[in-house]
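Good morning, and thank you for joining this group meeting. Please take a moment to look at the model before I go through its rings, its cores and its strands.

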Amino acid sequence: MFKRLLVSLAFLLLCAAQVSAEVKTFAVLPFGVHGPQEYQYLSQGIQSMLTTRLTWPDTFTPLDAGTVKKAVTAPPADAAAAAKIRQTLGADYLVWGSLTVMGQECSLDVNTLDPAGQNTPHPVQTPLSQVIPSLETVAKNINAQVFGKPETAVAKAQPAVQPMNQALIVNETQGGTAYANPSLKYQDMDASMGRWRSQTLPVASRGMVVCDGDGDGKNEVFMLTETTLFAYRVQQNEMREIAKLELPKHVNFVRLNNIDLNRDGRHELVIAGAMDKNPRSLIVGFEGGKFSMQADRIPYFLGVLNMPPAFTPTLVGQGVGQMKYLDSKIHQMIKAEGTYALGPAVDLPMGGTVFNTTFLPFEDGHQIIMVDDFDRMRIYSSTGALLTVTEETYAGSNLGVEYSTAPLGLNPPRATEVPPDKVFIPLRGIPANLDKDKRYELIISRNISVSAQIFSNYRDYPQGEIHSLYWDGVGMSLQWKTARIKGTVTDYALADLDNDGTLDLVVNINTHTGMAGTARKKTMVMAYPLDLSQAGGAIQKNVP
């Protein structure tokens, strides 16, 4: 009899342990947004952000967003309606609410419904620019007050690992990244730690690409200057010149790209420029240690975009606009009878150019990233709806094309009579998924100058950084960045610089000319080897 009692007690305790260890589910509904149409994207943005912040592996898991979207057509009007939705979804907890935008202020109302039917409101008044930090605070309160999540659970859910490179600063704005301990910020480090630097080259760079130009399976470094195209290889820890090509005179070259046009493993070099204000581009090949001109005097600005849905590198072109210098349509380029001509048009929001546009893979589609005339990033959905505009400036460059405008039917004034306008060409954006998760990041530069913030035409940047940004559902957030780089960032790439099998973040900089602007510019290349062993994916030789 006593043995039977012990067996029964053990069975009951085992069942109780299983029940206590049962995983709970929760669902976050799309938020109601009361305000201008331009903020409607926050409905799903807040839903996505809260779902991520509230997930507690093996304890609280979210319902699939697709399931929630099919079952819920409108936000609940009150707690009773929310209770019915919770029962329909079969979730243990339900999170819903609304955002009311009034000018630059907003009211964020978040509600949680637990299995007992208890509704816990979390109202917040916040400036519009502080919506993301406010959501972070609300998520922490829900985790602690409703889910009973201890602080130590964060560390258990997000184990500490080593950063990809010692010179990368992580967690400056967002804790819990995959690269380092959530409690650490890397600030006052040795700027030379974790990076390689070339010798100083006695030229001023206008652009750089790292690719396999001759198809031998090894990367070369191609650098564009005002008059010359150089080819280098990194050998014995030094950049060694292997070829150079004198470029056509009187052409203002503003962008160097690479693309394998023939799909033969050899990357062609695409150089965009302007003679006076008229576009003039050329395409150069590299084989046997020598350059060869493949096409010249192409009357369009040429660029390379990773076109959705396959995100295949595609040669695109653009002419000069009528009302604004670069407001003409972008087209895919086609080659017919040895010449390049405009092909199908690329559907972009107004202001898109071959220089300022990046397609960023996002979930099952993509987002369109554009750098505007004020160096602020404008993020659009795949349908062209504006999602947000960054407050910070990115991809600033001192390269540009001067032009003079005039009303239709009139000749533009002479430069001696009226100072010409100038359109600056931003640096590139690179979509990448280095950590091999479901989210792509944008690698982009941030040249820094106090004077440039005051004088729009001042573009001599004394320092800069490279940022990795991701879409958090509301805006672009910082994942990591390089330590501050002294000099002006002129270009960057993700490629195996020295062919050692390790992917590098390669940065090309020009030295600063000083306050008086009298010093002669020189250039150098820096490389940050990236340890992707913890990313769960194969290391790529190049990121297109």
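Eleven aromatic pairs are present in the structure, where rings of Phe, Tyr and Trp (its six-membered ring) pair if their centres lie within 6.5 Å, and planes under 30 degrees apart count as stacked, over 60 as edge-to-face and the rest as tilted. One of these pairs is edge-to-face and joins Phe-60 to Tyr-93, with 5.5 Å centre to centre and 70° between the planes. This pair links distant parts of the chain, with Phe-60 in strand S3 (residues 60–62) and Tyr-93 in strand S4 (residues 93–102), 33 residues apart. Strands here are DSSP runs (E, at least two residues), as helices are (H or I, at least four), numbered from the N terminus. Phe-60 and Tyr-93 are both buried; buried means under 20% relative accessible area, exposed over 50%, and partly exposed in between, with a 1.4 Å probe and protein chains only.

Before I continue, two remarks on the source. This is a predicted model, in which local features need pLDDT of at least 70 and side-chain atom pairs count only at pLDDT 80 or more, while totals for chains, interfaces and linings use all residues. Residues are numbered from 1 along each chain as its sequence is written, and side-chain values use heavy atoms, with hydrogens and water left out.

Phe-60 and Tyr-93 also belong to one aromatic cluster with Phe-26, Trp-56 and Phe-147.

I turn next to two charges and their rings. A charge sits over a ring if NZ of Lys or CZ of Arg is within 6 Å of the ring centre and within 35 degrees of the ring normal. Arg-439 places its charged end over the ring of Tyr-470, 4.0 Å from the centre. Tyr-394 has Arg-446 over its face, at 5.9 Å from the ring centre.

Now to the interior. Of the 544 residues in the protein, 49% are buried. A nonpolar core is a set of buried Ala, Val, Leu, Ile, Met, Phe, Trp, Tyr and Cys residues joined through side-chain atoms within 4.5 Å. The largest such core has 67 residues, and those with the most contacts inside it include Leu-50, Met-377 and Leu-530. Where does this core lie in relation to domain 1 and domain 2? Both domain 1 (21–147) and domain 2 (198–405 + 419–529) give residues to the core, so it lies between them; the domain bounds come from an automatic or database domain assignment. Beyond its neighbours within four places in sequence, Leu-50 is in contact (heavy atoms within 4.5 Å) with Val-28, Phe-31, Val-95, Val-110, Leu-135 and Ala-139. A second, separate core has 23 residues, among them Leu-326, Leu-348, Phe-355 and Tyr-380.

The secondary structure comprises seven helices and 35 strands. Why is strand S33 (residues 488–495) described as largely enclosed by the rest of the structure? Eight of its eight residues are buried, and therefore S33 is largely enclosed. S33 and strand S34 (residues 504–510) run antiparallel and are joined by seven bridges; two strands pair if DSSP finds at least two bridges between them. Within this pairing, Asp-491 stands opposite Asn-508 in S34.

Pro-279 counts as buried because its relative accessibility is 12%. Leaving aside neighbours within four places in sequence, its contacts include Gly-273, Ile-298, Tyr-300 and Val-320.
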